[in-house]
Amino acid sequence: MSTTALAAPSRVNTAGVHARPALGRLVAVELRKMVDTRAGFWLQVAMVALTVVVVAVRLLVGDAADHTFQSVLNAGLQPSAVLLPVLGILLVTSEWSQRTGLITFALVPVRSRVLRAKLVASLLLAVAMLGIVVAVVAAGVVVSSPGVAGTWSDAAPLIGQSAVNLTAGMLFGVALGAILLAPAPAIVLLMVLPTSLWAVLSLPVFSGVAPWVDYAHALGQVTEYVLSPTQWAQTGTSLVLWIVIPLLIGARRITRHDVAA
């Protein structure tokens, strides 16, 4: 009679199987999502390429005395200021536009953690783009106008204010995407809202309140000159109205919206 040897059961290390993913891992996943799609990848390529082109054209026009760090930085920031909010919209709407919401929220049931990771990832990308823009602008200014008096005036505060410009613009795109949960209408609203708001606030009856609620003007002026305390107060008020409040509304919508709808 033959005998059958029973193999000893193998031991599987299950430590950490039920642990939820850390915030750093979720942020890394969201950063990866920004380059996994063709739209996200080429938008980032376009931002870098357009920055180089705009800076080069700006340095080729006019005299060397006009090529100050402030003026070139203001021009070089425009591609990122326009396209970063679009990336923010695509990032926050990806779970609905690409039908990945069931997977994402099954793996991370607490949706607020996913939104938090998206916010951190969007801010990291905005800061990275600022670093690229500043490096391109500084290199161009060094080559174009070396030794010109006043070239580097207020460089440090302008870089800090430019960080406010790009991060606030990115968060505005995230807020629009979180509220609408669809990329197409959010991008249309992103492009139409500044012009519509300007048209309304340009009426004489709104002359007193306009500086406090016009977020497009608030973001535009931070790259042009060093702001005064009053201008900072106006900028902060408009950003609370158009970024913080919409983000809170969008966060509530994401945590309650039916993914399968």
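Q: How much space lies in the largest cavity?
A: In this predicted model, the largest cavity holds about 30 Å³ of space, and the structure has one cavity of 30 Å³ or more.

Q: Which residues line the largest cavity?
A: The lining is made up of Val92, Glu95, Trp96, Phe105, Val114, Leu115, Lys118 and Ile254, and the elements that give two or more residues to it are α4 and α6, the latter spanning residues 111-144.

Q: And by class, what has the lining of that cavity?
A: Six of the lining residues are nonpolar and two are charged, with no polar residues.

Q: Switching to α4, how far does it reach?
A: Helix α4 covers residues 78-97, 20 residues in total, and spans 27 Å from its first C-alpha to its last, close to the 28 Å expected at 1.5 Å a residue.

Q: Where is the kink in α4 centred?
A: The kink is centred on Leu91 and amounts to about 35 degrees, while after the helix comes Arg99, whose phi is positive, near 60 degrees.

Q: Why is α4 called largely enclosed?
A: Because 15 of its 20 residues are buried, α4 is largely enclosed by the rest of the structure.

Q: What about the largest pocket, what is its volume and what lies nearest its centre?
A: The largest pocket has a volume of about 400 Å³, and of the 18 residues that line it, Ala81, Val82, Tyr215, Ala216 and Leu219 lie nearest the centre.

Q: Which elements give two or more residues to that lining?
A: Those elements are α4, α7 (155-180), α8 (183-201) and α10 (215-221), and the lining residues divide into 11 nonpolar, six polar and one charged.

Conventions: Residues numbered from 1 in each chain as written. Predicted model: local features only at pLDDT ≥ 70, side-chain atom pairs only at ≥ 80, totals over all residues. Heavy atoms only, no water. Helix = DSSP H or I, 4+ residues; strand = E, 2+ residues; numbered from the N terminus. Expected span 1.5 Å × (residues − 1). Bend = angle between axes of the 7 residues up to and from the residue. Buried < 20%, exposed > 50% of the residue type's maximum accessible area, 1.4 Å probe, protein only. 1 Å grid on protein atoms, 1.4 Å probe; cavity = no way out; pocket = protein on both sides within 12 Å on 5 of 7 lines; lining within 4 Å. Points joined across faces, edges and corners; volume = space filled by probe spheres on them. Nonpolar A, V, L, I, M, F, W, Y, C, P; charged D, E, K, R; others polar.
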